[in-house]
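Hi there,

Here is the structure I promised to pass on. My notes on it follow below.

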Amino acid sequence: MSRQPTTSEDPAARSQQFVPVEGNQQTTSAEALLVAAYLVMWALLLVFVGLGWRRQARVEARLGELEKAVGATEARRS
């Protein structure tokens, strides 16, 4: 009794090219998903830069306050 190889057992019998699935109801194209992914990444980058900018502004304001306080302390000592 001889066994016939199935497509999963014989690599040479497998298709070597893309064959679309019949009856697929896919509604979102790959291009739309790619554009959406880039938009999300740019939005995250802009949020990250904006938050860093705000934090840097707060640090600079606090540093200005500290410099004034140190200047006022030195002026009283003189």
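Predicted model: local features only at pLDDT ≥ 70, side-chain atom pairs only at ≥ 80, totals over all residues.

**What turned up**

Leu34, Tyr38, Trp42, Leu45, Phe48 and Val49 together make a nonpolar surface patch with about 700 Å² of accessible area. Patches here are made of residues with over 30% relative accessible area and no salt bridge, with like charges joined within 9 Å and nonpolar side chains (Val, Leu, Ile, Met, Phe, Trp, Tyr) within 5 Å. Areas come from the Shrake-Rupley method with a 1.4 Å probe, and for residues only the protein chains shown count as cover.

Residues are numbered from 1 along each chain as its sequence is written, and side-chain values use heavy atoms, leaving out hydrogens and water.

The protein has 1 helix and 0 strands, taken as DSSP runs numbered from the N terminus (helices H or I, at least four residues; strands E, at least two). Of its 78 residues, 0% are buried (under 20% relative accessible area; exposed is over 50%, partly exposed in between; 1.4 Å probe, protein chains only).

There is also 1 salt bridge, meaning a side-chain nitrogen of Lys or Arg within 4 Å of a carboxyl oxygen of Asp or Glu. Arg62 pairs with Glu65, their closest N and O atoms being 3.4 Å apart. The two are 3 residues apart in helix 1 (residues 30-77), so about one helical turn separates them.

Best wishes
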